[in-house]
Amino acid sequence: MLRFAVVRGGLGLLAVRRASRLSRSSHSDVQTEYKPIKKVMVANRGEIAIRVFRACTEMGIRTVAVYSEQDTGQMHRQKADEAYLIGRGLAPVAAYLHIPDIIKVAKENGVDAIHPGYGFLSESADFAQACADAGVRFVGPTPDTVRKMGDKVEARSLANGAGVPVVPGTDGPISCLQDAQAFAQTYGFPIIFKAAYGGGGRGMRVVREYEELEENYQRAYSEALTAFGNGALFVEKFIEKPRHIEVQILGDKYGNVIHLYERDCSIQRRHQKVVEIAPGFQLDPHLRDRLHSDAVNLAKQVGYENAGTVEFLVDKHGKHYFIEVNSRLQVEHTVTEEITDVDLVHAQLRVCEGRSLPELGLKQDKIRVNGCAIQCRVTTEDPARGFQPDTGRIEVFRSGEGMGIRLDSASAFQGAIISPHYDSLLVKVIASGKDLNMAASKMSRALAEFRVRGVKTNIPFLQNVLSNNQFLHSTVDTQFIDENPELFNLKPTQNRAQKLLHYLGHVMVNGPTTPIPVKAKPSSIDPVVPHVGMGDPPVGFRDVLLRDGPEGFAKAVRAHQGLLLMDTTFRDAHQSLLATRVRTHDLKKISPFVSHSFSNLFSLENWGGATFDVAMRFLSECPWKRLQELRALIPNVPFQMLLRGANAVGYTNYPDNAVFKFCEVAKENGMDIFRVFDSLNYLPNMLLGMEAAGAAGGVVEAAISYTGDVSDPMRQKYSLDYYVNLADELVKAGTHILCIKDMAGLLKPTSSQLLIGALRDRFPDVPIHVHSHDTAGAGVAAMLACAEAGADVVDVAVDSMAGMTSQPSMGAIVACTKGTKYDTGIALEKVFDYSEYWEVTRGLYAPFDCTATMKSGNADVYENEIPGGQYTNLHFQAHSMGLGNKFKEVKKAYTEANKLLGDLIKVTPSSKIVGDLAQFMVQNNLTRQEVEERADELSFPQSVVEFLQGHVGIPHGGFPEPFRSKVELERGKTLHIKALALGDLNKNGQREVFFEMNGQLRSVLVKDTVAMKEMKFHPKAQKSIKGQVGAPMPGKVLEVKVKTGSKVEKGQPLCVLSAMKMETVVNSPMAGTIKAIHVSPDASLEGDDLILEIEE
């Protein structure tokens, strides 16, 4: 009786309001009840708060935000004119449910009206009443209407009274589990629990079997209590596979109620809407009319004012059932706005001020549908893991925009922190078009433009929905997601740029990740410097150079009796054997001995590209200072360096004036001889380097890079004529010395005699210098053959730094030539002392020594032609990555890659190009034939692409075809990255690393592995250890259901987690006994944090 009395009272009031409306329509005092709003508070957060703020700003109304302690960095507080903290010391959700704080802020700051948004207190009659009691208008229905509509049971009763069909359910909120059991026995399964005082999927659980009843009742009650402050539930018969259709209504204070058509919200997961469409697709016209009529009649019966939604289920027979009234603005109100061109928030505020709908131009016959609109809720959830919420920091955010696209968001920006405390909604994307297919096309395009990095999103899943045939051409029901498993065939995102930034950031914070494949430690024995006599060192060839200049120096070299040696111990030897890690300190210690004992050396090689690279990157030394200090200690022996033509000592072409200036400064600081080469023997690049070295006053030694085998008649690309003709061009260009640079040690004794003999015959007055490596073990024999054929100088390294991928042995050459016409004039005893120093010194660099992984040279270099230094590096890298047993495959791939690229001359940087392609082939398990066939679709290393573009130069014989033509040379995906700064250590043991990428600021959070060793963190569950149970997602522990020592069965509930206002039960993966529990109620967990351990 009381219930009907309330209804009659409501109808009486409705009649009065109608009379009032008629009165104000016919008299001039239309504005007597109008009371403008000057300041609005939104008692909510996120995108809905910003949505209301924007409407207020458009209407000239001042705005006030409230925020919890966890939301201090959220965007909604920045969008308001004023913002105030509420719920100090309370839990994140509880802060927005704390009515006294909200009312206090409103009264203290002159707020006229409070908009509740959706969720939280939006359907709380107590809150609406508290606003009225405080003299603050509530932007929504009256407290009485909110109470009636918020009470699902009373709303059902009112619907019955209005003749609207309802689903069978309890007459009132159930008081205990037994009530639910009784209902199930009467109506059978399935049934559904629903929160009596809220919606949005919270407190809603479907139960299909009796065994599931108790657990789902507890979870629904707990969720409702947390989300709405009241855990009351009611129970309904669950209708299988219905469509979820809702009607948007709008009423004023004078009894006017209109509908703004319907929305189809059938695409749901966990009873939460994912995609909404307006108007309903393929809805029977008669059914549509009944839905509209029932919604308006129900609203009029209760005297509904402001915006609201009447929700219905439509079964497969076209019969509709009333579910509930949401007495608030809905998340999906946007699609209604798009198709009707009615701003619902504007209308809400105007109605709250006292305007009537006719005054606002809102009459039913004026409301028209224009096209179709779709809303997708982009959430931070992982569809591949059952839509588990993901949390963290948004590292990259780029949205999709354009014609027909609307975005409503709040937390969607770079640097935003997605916490587990609130809803996972990131941004609402609304697309409009003339029909469903057009709107879906625009939506798909917009979603494809999104780039969200740092947290998982449901965008790939949404893209699958939008391309689904059933979605586009038929009707869908609430089981659409469950019945279409192909929606979860998610296309993985490439995320290449962010992965690269993470890698670079990790290297910047923690250093290189490549492990050293051996445990060798530096020797504890300090090297002993041999005795050095008193006084100045003897006169050497540098004195000749300083006296007679480069031309006179070259003549003296050519006229010298015996074989001259260049010592590579100070550079190429330790580059090949010790990764160029030798410090200036150790070079300086032996320098006086070298100056006094080896004054008759042709030169000492001590500078080059690797010197600059390693000195600055690893040794923290200045290569210029090294040159100056060594020059002071060795004044009598010429210094020699490598100059990569137009590349100078770098890996790319530099401006001409930079190369010239470099040579000038190098000469001023003590450099004498410039060995100028080009990795492809590309003459224009070599001529630039020669000219720059000559202009600086240095000795120009033009070096021809050697490959192939001039003694093999089957290999004629690099024939004897090729080398002789190239040498002819270099001599004409004015080189002082002619050099053969055999980087891989391919010169055999026979080929040495052929090549050097031919050059000596052609150029009898030009000094000839030969450089080689001893990888195959034939280096000494080859160098002796070169001397017999007419070479003036050969390169050697001291015995303890010779052999393998280094140069041939100095002691061996000295001993073999002693007493012959090729006698070097070097005392063998001094070589022994020199070698002993370097043998001990080499022990100081044991972790970098190539002998850690490589025990000997290998004659297969005649097949793969890998340069000495690169051979060592590739071998080391293979062992570092655990691929030492596959080094044979790497060498084979190197041979095939060289053939693919047209048989290149291989020296830095061309050798790197071949090596990059070889590793690419091994990593992707590709044969030469497969690379050739798929060249148009493979993403080749950048060095390979740039080579084929001509950046390095033009190889002898031209570029390989048709391989070059098939490779896509420009993909438009070049990343320009600049490292900017490292941030301070945060409480999670991370540092923020800042980059500039393609002109935009980017940052990533990187764990500092060293600092984390000193910090305490919750242990992680190890998947490899059976019985360790980890948190399936970040969240808060609500309840632990077991104790240490408890027996558990497989599938038994262990604990309950809450994340983003949804509860998840963690079940036991096995039967056993609880060994240890690592969490307690209220503990906050990250994903994979260890919850407990079970033993069998």
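Reader: Why is Asp903 called buried?

Author: In this predicted model, Asp903 has 16% relative accessibility. Buried means under 20%. The value falls under that cut-off, so Asp903 counts as buried.

Reader: What else marks Asp903, and where does the residue lie?

Author: Asp903 has a positive phi of about 65 degrees although it is not a glycine. The residue lies in the loop between α32 (887-900) and α33 (910-923).

Reader: What makes Glu865 count as buried?

Author: Glu865 has 2% relative accessibility. The cut-off is under 20%. Glu865 therefore counts as buried. Its phi is positive, about 60 degrees, and Glu865 is not a glycine. The loop between α30 (861-864) and α31 (868-880) holds this residue.

Reader: How do you know that Leu291 is buried?

Author: Its relative accessibility is 1%. Leu291 lies in helix α11.

Reader: Which residues does Leu291 touch, not counting residues up to four places away in sequence?

Author: Leu291 touches Ile245, Val247, Leu283, Phe312 and His320. Contact here means heavy atoms within 4.5 Å.

Reader: How far is Leu291 from Lys888?

Author: The two are 597 residues apart along the chain. Their C-alpha atoms are separated by 75 Å.

Reader: What makes the protein chain more spread out than a compact globule?

Author: Start with the make-up: the chain has 37 helices and 41 strands. Its radius of gyration is 41 Å. The globule rule gives 31 Å for 1096 residues. The value is well over the rule, so the chain is more spread out than a compact globule. Along the principal axes, the C-alpha trace spans about 130 × 70 × 55 Å.

Reader: What share of contacts joins residues at least 24 apart in sequence?

Author: The share is 70%, taken among contacts between residues at least 6 apart in sequence.

Reader: How far apart are the mean positions of the positive and negative charges?

Author: They are 4 Å apart. The chain has 123 positive and 129 negative charges.

Reader: Why are β34 and β36 said to stand at the edges?

Author: The open sheet has four strands in the order β34-β41-β39-β36, with antiparallel pairing. β34 (1028-1030) and β36 (1047-1048) each have a single partner strand, so one side of each is left without a neighbour in the sheet.

Reader: How do you know that β39 and β41 pair?

Author: Two strands pair if there are at least two bridges between them. Four bridges join β39 (residues 1072-1077) to β41 (residues 1090-1095). Four meets the requirement, so the strands pair. They run antiparallel.

Reader: What makes β24 and β30 partners of β23?

Author: Again the requirement is at least two bridges. β23 and β30 (residues 793-796) have four bridges, in the parallel sense. β23 and β24 (residues 603-607) have two, and they also run parallel. Both counts meet the requirement, so both strands pair with β23. Leu565 stands opposite Val794 in β30. Asp567 stands opposite Leu604 in β24.

Reader: Which way do the side chains of β23 point?

Author: Leu564 and Met566 point one way from β23 (residues 564-567). Leu565 and Asp567 point the other way. All are buried. In a regular strand the side chains alternate between the two faces of the sheet.

Reader: Where is Met1012, and what is it in contact with beyond four places in sequence?

Author: Met1012 lies in helix α37 (residues 1009-1012). Its contacts beyond four places are Asn988, Gly989, Lys1007 and Phe1017. Met1012 and Phe53 are 959 residues apart in sequence and 43 Å apart in space, C-alpha to C-alpha.

Key
Residues are numbered from 1 along each chain as its sequence is written. This is a predicted model: local features need pLDDT of at least 70, side-chain atom pairs count only at pLDDT 80 or more; totals for chains, interfaces and linings use all residues. Side-chain values use heavy atoms; hydrogens and water are left out. The radius of gyration is taken over C-alpha atoms; the globule rule is 2.2 Å times the number of residues to the power 0.38. Lys and Arg count as positive and Asp and Glu as negative; His and the chain ends are not counted. The place of a charge is taken as NZ of Lys, CZ of Arg, CG of Asp or CD of Glu. Buried means under 20% relative accessible area, exposed over 50%, partly exposed in between (1.4 Å probe, protein chains only).
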